[in-house]
Amino acid sequence: MSVAVIGAGLAGRAAALLLRASGLDVTLIDAGPGATALGGGCVDTAAASPGVSWLPWRDPLQGRPLLPRERVQLVVAEQPTHPYTVAFGSDGDAACQAIERSIDALRSWLSPSGLAVEGSLDDARVLANLPGTVRVADYVLTGPSSGDLRGREEVVWVDVPGLEAWDPSYAARTLAYDLEALGLPAPKVRVLRGVWPERLAEPRVARLAPRLDRADVQTTLCEALAGQGSPERLLLVPPMLGVDHVGACLSRLGEATGGAVAEVLGHAPHATSGFRLQRALEQACSGVTVRRDRVSGLRERADGFELQFGEEPALDCGAVVLATGRYVGGGVDAAGVVREPLLGLPLYDADGRRVDGVPAHRSTRKGYANAQPLYSAGVRVDPAMRPLTARGEPWHGRLVAAGDLIGGFDPARERTGMGVALVTAARAVETVQAEMGHTG
Amino acid sequence: MSRVVRTRVLIVGGGINGTGIARDLSIRGIDCVLLEKKELGSGTSWASSGMIHGGLRYLQKDPEVTLHSCVDSGAIQRIAPHLIFRIPFLMPVFRDDPIGPEILEIGLEMYDRYVPFKNGRPHGRLTRDQALEIEPKLSPHIEGAFTLDEWGVDAARLCAANALDAQGRGAQIMTHAEVRSFLRDVPGGRVTGASVRDRVTGEDFVVEADLVMNAAGPWAPEVAEMAGEGFRLRPGKGIHLVFERRVSQMAVYARGVDGRDMFVFPHEQNAMAGTTDDDYYGDLDRIQTTEDEVAYVLEAMERSIPSIRQHRVLHAIQGVRPTLFGFGAYEDELSRDYRIIDHGAEGDAPGLFTITGGKLAAYRLMAEDAADLVARELGENEPCRTAELPLPGGDAPLDIAQTSRRFRVGLPAALRLGFRHGAGATSLLAATEFDPSPPRTVCACEPVLDTELRHVAREEGLRRLTDCPLRVRLGVGACQGAGCAAAAAAVLGQELGWEPARAIREATELATSRWHDVAPVLDGAQVAGMEVHRAVLFGLIGFSESLR
């Protein structure tokens, strides 16, 4: 009997790849890209942007910024509903090891696409965001990953005339300000104007990035920026150095400029990082059976499950991995009332309160930056990642969940979403292997 | 010693009444200062339906209001053609309507007599099939439909245009300036001005004036109270739902469960549905749309357009009408007429006047009345000229295609810029005509260009990022500021000399104010929309004040 993975974002694809590696027959159900494709270039597992999460920025005793590893420790110590805590209890070391194993796996999946995952839990990188604010990141993808601001003598924003949301002069000021506010040594920050090739004047990142996958266009840019870099100088460009060949583009630029070049971190529609990750994952899954369809119903059978696809033929399988995401992915539906559309699973927020069956707005609170129950809502799982019924029992022994569908944490505020996707996928796959009598 | 500003007339309130009076007085050469505690039009004007309609609804009980509205609507079309858009209405006829089509048509025929004043077409009659062909989303249960003709306007922009015109003629327009108390020549004597706090800088200053015009809308009783004067309004809360893009081609009438008329209508880049009318005695500075109101509006819309719930609601707009007091009548039956109170004659505060009630469509006429009275008090006899002189940008049509080519901006951007600034778009864009790079798009939904943001900061006295949704419609589209909050804060930061910390705070406050309008209507696709919004803004700008 095969295993069906419903959802083709980071969690679903990770689960599919792990299942295939263990020799199980997998079908990945792909209803289109979700939140993974909207990501901003970080593979967030533990390091919150300064100021965003409820976690402290600095160690209260020593005054130094907390390391990603210490943040994971804090999460499992203080947030009982977080999927890390559900999976590993208060054992922060186990959680960290699981994150590191997952990142290694991700590296192996992405490397054929030329996309590297750089970073570690022991050394957070300090990177620049598109508006010049500072972001602290544990794992970062090729593109922004070479943009660590620490130890730079000079940081130079490259002006791209007419590009939406690209405002280097104020961003440069903001960067200097933010580094100082965070107590980090500030390099000299300036703006490089008048060098960007006219041929590459595009108002939108989405139009510029695909052009930079072409070697001749890369050459134009290399010629324009030739000699502008130095070993002490970091050149910052918008997140548009190609979609499929960012690695090649970056290394050519590095050679031409004679220094370090990096993209800043941004978000869709002003960045392409999420698309790169999604496409690299799709390429990694080229050996996996993919069914491009949307599951309309899931029925329990004596020996497993039947997945229904509206009028299309159904699919029988022995186990199911639910990696359908939250609102963007469609794993949680919010039309009328909030609900999990496939099985009607109960949904809980980070405080353990149920939020399903009521209109979405009732799970909101005043103040944008406050914790919003609506956005920490998802299914509750046991340590084996089996979704639980309202009575706290697994819905089915061979039904597991992975990724954002699992509630109890707020990916936007806590910035552990990618880590949760990877770690829960790995744990869910272990459960399926054990249930199917398979040991990878 | 705090700064003293000397003027002849102090106007309190920067909504359509206050700005309309400021313009009228300035044209007559009477010096005035206008104080607005938030942004121009941010109270009732912004929360209105944005229509200068004649008021078919008022024909039965307030034919005066209908006449004034129609006549003045025609005048507004003359002086601000760029801010106006035609909204054809469709009134579906159902078998179970309480008023049959024959009687309804008598009303419409009566209304037709007023319609020429506002350059409208007379009503029309559609068969069921014709109506469904024009509006395929209409309920199949309709029996036929009537059409009529109304006009929409950007109400916040209309306030700004009036204020700018006044400013160009010497008036001082101060936003984020709140009256703290009134000055009296002797205790309990004549009102001679006000002490004021600038809510952005924290500066306290004094405005001395010969007389004070209280045009604070629903806040008018609070303002009068500062001079010991009491009068009553029957404040009526109204909400609108704002949908992404279009729901229908025409405005479509809908009937509430209680029989009230409402409509869903195209409004600028979006569509709106509303409005409600309920007594409101809560905090005027913290008006929130409630679940009941949303359910009530959607239920009404569903009868005319059954698929309404499939449309994405972006946000709500809520406000309070300063309706004249009446006891015992239902909210809807209260008069939409207006009143000017002389607190010297009717109370114990000579020098203070209050204008209240009325309709957006008749604002110019109300302002004329108020300015006539002020002029008389001051011994001036210049006549009103607000119906003849165009508002800024209304003097000549703008060639959109030519503007787009000449200034290197996309057609949609040129179109929307022309809508907001009329002929003024040319001089606005000329500022960057010879720059090496073309204007940059900051808000892609509207769209808004960086050149326009710089212009409103430099020339229009815009002070805060949270003013931008009103002044240039930034951040009220599909993304609700996710794509533009940080970029717009940076542009304003450069123009207004903000420290980066201030720019980040402004972006945070824009997100917070959008959340205030979005959270009560969060449903369906917009829940995912705000999920992305949070990921983007939490990622791009920090939110912890303690860290910064």
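Contact means heavy atoms within 4.5 Å. I start with that term, then go to B:Thr276. This is a predicted model, in which local features need pLDDT of at least 70 and side-chain atom pairs count only at pLDDT 80 or more, while totals for chains, interfaces and linings use all residues. Residues are numbered from 1 along each chain as its sequence is written, chains are lettered from A and ligands numbered from 1 in the order in which they are written, and side-chain values use heavy atoms, with hydrogens and water left out.

**Entry 1: B:Thr276 and its loop**

I looked up what B:Thr276 touches. Leaving aside neighbours within four places in sequence, B:Thr276 is in contact with B:Lys237, B:Gly238, B:Ile239, B:Arg260, B:Glu293, B:Tyr296, B:Val297 and B:Arg321. I found B:Thr276 in the loop between S15 and S16 of chain B. Helices (H or I, at least four residues) and strands (E, at least two) are DSSP runs, numbered from the N terminus. Is B:Thr276 buried or exposed? B:Thr276 counts as buried, at 1% relative accessibility. Buried means under 20% relative accessible area, exposed over 50%, and partly exposed in between (1.4 Å probe, protein chains only). A polar atom of the B:Thr276 side chain lies 3.0 Å from the backbone nitrogen of B:Ile239.

B:Thr275 is in the loop between strand S15 (270-274) and strand S16 (278-279) of chain B. I noted a cis peptide bond between B:Gly274 and B:Thr275, with omega about 5°.

**Entry 2: another cis bond**

I looked at B:Glu446 and B:Pro447 and found their peptide bond cis, with omega near -5°. B:Pro447 sits in the loop between strand S20 (441-443) and strand S21 (448-449) of chain B.

**Entry 3: positive phi**

A:Met385 is not a glycine, yet has a positive phi of about 70°. I placed A:Met385 in the loop between strand S17 (378-379) and strand S18 (399-401) of chain A. A:Met385 is buried, with a relative accessible area of 0%.

B:Arg245, also not a glycine, has a positive phi of about 50°. B:Arg245 is in the loop between strand S12 (236-243) and strand S13 (251-255) of chain B. B:Arg245 is partly exposed, at a relative accessible area of 41%.

**Entry 4: helix H5 of chain A**

I checked the span of helix H5 (residues 168-181) of chain A, which has 14 residues. H5(A) reaches 19 Å from first C-alpha to last, close to the 20 Å expected at 1.5 Å a residue. The expected span is 1.5 Å times one less than the number of residues. Its buried residues include A:Tyr170, A:Leu175 and A:Leu179. The buried residues of H5(A) pack against strands of chain A, among them strand S4 (125-128), together with H15 and H16 of chain B. After H5(A) comes A:Gly183, with a positive phi near 75°.

**Entry 5: where the chains meet**

How many residues of chain B are in contact with chain A? I read 49 residues of chain B in contact with 55 residues of chain A. I also looked for salt bridges (a side-chain nitrogen of Lys or Arg within 4 Å of a carboxyl oxygen of Asp or Glu). There are 4 salt bridges between chain B and chain A. A:Arg173 and B:Glu499 meet through their side chains in a salt bridge (3.5 Å, N to O). On the side of chain B that touches chain A, helix H15 (485-496), helix H16 (500-518) and helix H17 (525-540) each give two or more residues. The largest share of that side, 14 residues, comes from H17(B).

How values were computed. A polar contact is a pair of N or O atoms within 3.5 Å; within protein, one must be able to donate a hydrogen and the other to accept it, and residues adjacent in sequence count only if both atoms are side-chain atoms.
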